[in-house]
Amino acid sequence: MKDSKDRLEALRADIERRNPAQPEFHQAVREVLESLAPVFTARPEYADPALALVERLTEPERQIVFRVPWQDDRGRVHVNRGYRVEFNSALGPYKGGLRFHPSVDIGVVKFLGFEQIFKNALTGLGIGGGKGGSDFDPHGRSDAEVMRFCQSFMTELHRHIGEHTDVPAGDIGVGGREIGYLFGQYRRITNRWEAGVLTGKGQGWGGSAIRPQATGYGSVLFAAEMLKVRGESLDGLSAVVSGSGNVALHTIEKLQQLGANPLTCSDSQGYVVDDKGIDVALLKQVKEVERGRVSAYAERRGSSARFVPGGRVWEVPADIAFPSATQNELDAGDARTLVAAGVKAVSEGANMPTTPEAVRILQEAGVAFGPGKAANAGGVAVSALEMSQNAGRAAWSAQRVEDELAAIMRSIHAVAHETAERYGAPGDYVTGANIAGFERVADAMLAQGVI
């Protein structure tokens with residue numbers, strides 16, 4: 001065990017040396033490596049230095065960086081940077097979203113792509129890990145400006161993707177509007193109706209029912225499974241949810257469907273707490289139709305809701321918590337606040353939204369903690385189901401897709417839970433998810449040789 005830990009520590013140091021100034025990527029790799037020492041002891045073939053399995057797993061197969069010039073409505077030309085990191089294809093074509101946000105850089109994309117390897121493996125659906133995006137900010141831009149940017153972005157990206165190669169989807173800043181513009185440009189350039197090249201499409205032109213809801217719904221279903229193991233349910237529980245984008249909206253919606261009461265939503269300016277529970281219809285109107293701020297929700301909701309500028313949503317006492325905005329949004333202080341309020345479970349709807357110290361505090365307090373690579377895998381799972389429908393020129397009913405999603409989330413919970421127990425860490429979903437995902441990818445890599 002000591003030899004394994006020493007080797008993993010040396011590998012971690014080497015990764016940080018070779019990938020400087022990429023803290024999110026370092027954090028994601030460190031979290032996985034810290035789980036693997038017992039696996040190396042039980043499965044020495046994974047640790048064979050001659051095969052360099054972990055070294056290959058932590059190095060992307062391909063990193064693509066490109067210029068994205070586009071013209072705004074006043075005729076001024078802007079230049080952004082585009083990225084696609086095709087991280088690992090041992091289990092299938094690269095699969096992962098595109099993020100358009102000023103914070104995007106190569107380190108962020110690599111962190112997301114690395115996480116995606118294990119998330120996709122946990123679904124059992126034969127998809128590899130990749131991620132992409134740009135430092136372009138669609139907020140406040142006109143539809144015409146967003147279209148011109150997406151067309152320029154796809155003009156370069158199209159040569160690197162395909163339904164059997166790499167299948168992007170949406171993420172922060174990339175919703176149905178952006179996917180439509182991206183797909184239109186891909187079709188224009190290639191002269192092919194290759195529906196399976198992008199997921200998150202509109203239902204009328206190759207998209208899947210439940211895809212917009214899938215990530216949020218899945219994180220709630222995972223939380224329900226964690227509570228079920230403890231003999232509890234969501235019914236009657238209060239919840240805090242961060243964010244107000246697609247994931248947060250549908251987390252709130254599914255919580256209400258299962259009898260819980262979501263009290264909050266947030267954006268970069270602050271948070272709303274609504275004593276009566278969030279009105280999903282009003283929030284969707286403000287965020288999806290008007291593209292407004294959550295403060296507008298509070299203004300129109302009435303006396304039950306108030307907006308707290310600059311506050312942290314974790315200040316609101318609740319039984320369960322769903323960090324659903326962005327990475328590292330829930331820190332150690334927030335974790336202590338949640339524990340003091342008696343939180344029972346935390347399920348990550350965003351990617352790596354909880355800092356390592358906060359995870360440790362929650363776990364030591366006995367809080368059921370669902371890591372993003374397991375809890376928010378519902379989005380990519382339904383994306384893979386969309387690929388299946390595209391391949392068969394089929395359109396499944398919403399009920400069928402939702403049933404498939406529920407079955408996949410139960411399966412992910414079961415394999416994470418059982419793997420944690422098998423390696424002597426009962427109830428530790430971080431360890432269980434990391435090891436279960438790693439084993440699936442590692443076995444495929446060993447079987448396929450040194451590539």
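Ground rules, briefly. Because the model is predicted, local features need pLDDT of at least 70 and side-chain atom pairs count only at pLDDT 80 or more, while totals for chains, interfaces and linings use all residues. Residues are numbered from 1 along each chain as its sequence is written, and side-chain values use heavy atoms, with hydrogens and water left out.

Let me start with the rings. Searching the whole structure gives 17 aromatic pairs. Rings of Phe, Tyr and Trp (its six-membered ring) pair if their centres lie within 6.5 Å; planes under 30 degrees apart are stacked, over 60 edge-to-face, the rest tilted.

Take one pair. Phenylalanine 136 and phenylalanine 149 are stacked, at 3.9 Å centre to centre with 10° between the planes. The two are 13 residues apart, and the pair links distant parts of the chain. Phenylalanine 136 is in the loop between strand S4 (128-134) and helix H7 (143-157), and phenylalanine 149 is in helix H7. A word on elements: helices (H or I, at least four residues) and strands (E, at least two) are DSSP runs, numbered from the N terminus.

Buried means under 20% relative accessible area, exposed over 50%, partly exposed in between (1.4 Å probe, protein chains only).

The pair belongs to a cluster. Ring pairs link Phe66, Trp70, Phe100, Phe136, Phe149 and Phe153.

Charges over rings next. The cut-off: NZ of Lys or CZ of Arg within 6 Å of the ring centre and within 35 degrees of the ring normal. The charged end of lysine 254 sits over the ring of tyrosine 217, 4.4 Å from its centre. Arginine 400 lies over the face of tryptophan 396, at 3.8 Å from the ring centre.

Now strand S3, residues 94-100. 7 of its 7 residues are buried, so S3 is largely enclosed by the rest of the structure. S3 pairs with S4 in the parallel sense over 5 bridges; two strands pair if DSSP finds at least two bridges between them. There, tyrosine 94 has glycine 128 in S4 as its bridge partner. S3 also runs parallel to strand S5 (residues 166-169), joined by 4 bridges. Glycine 97 stands opposite alanine 169 in S5.

On to the open sheet. Its 3 strands have the order S8-S9-S10, with antiparallel pairing. Strands S8 (264-267) and S10 (305-309) stand at the edges, each with a single partner strand, so one side of each lacks a neighbour in the sheet. S8 and strand S9 (residues 270-274) pair over 4 bridges. Serine 266 stands opposite tyrosine 271 in S9.

What packs on this sheet? Helix H12 (residues 294-301) does, touching S8, S9 and S10. Contact means heavy atoms within 4.5 Å.

Serine 295 is in helix H12. Serine 295 counts as buried at 18% relative accessibility. Leaving out residues up to four places away in sequence, serine 295 touches Gln269 and Phe307.

Threonine 419 lies in helix H17 (residues 398-422). Threonine 419 is buried, with a relative accessible area of 3%.

Notes:
Axes are lines fitted to C-alpha atoms, for helices over the stretch in contact, and angles run from 0 to 180 degrees between N-to-C directions.
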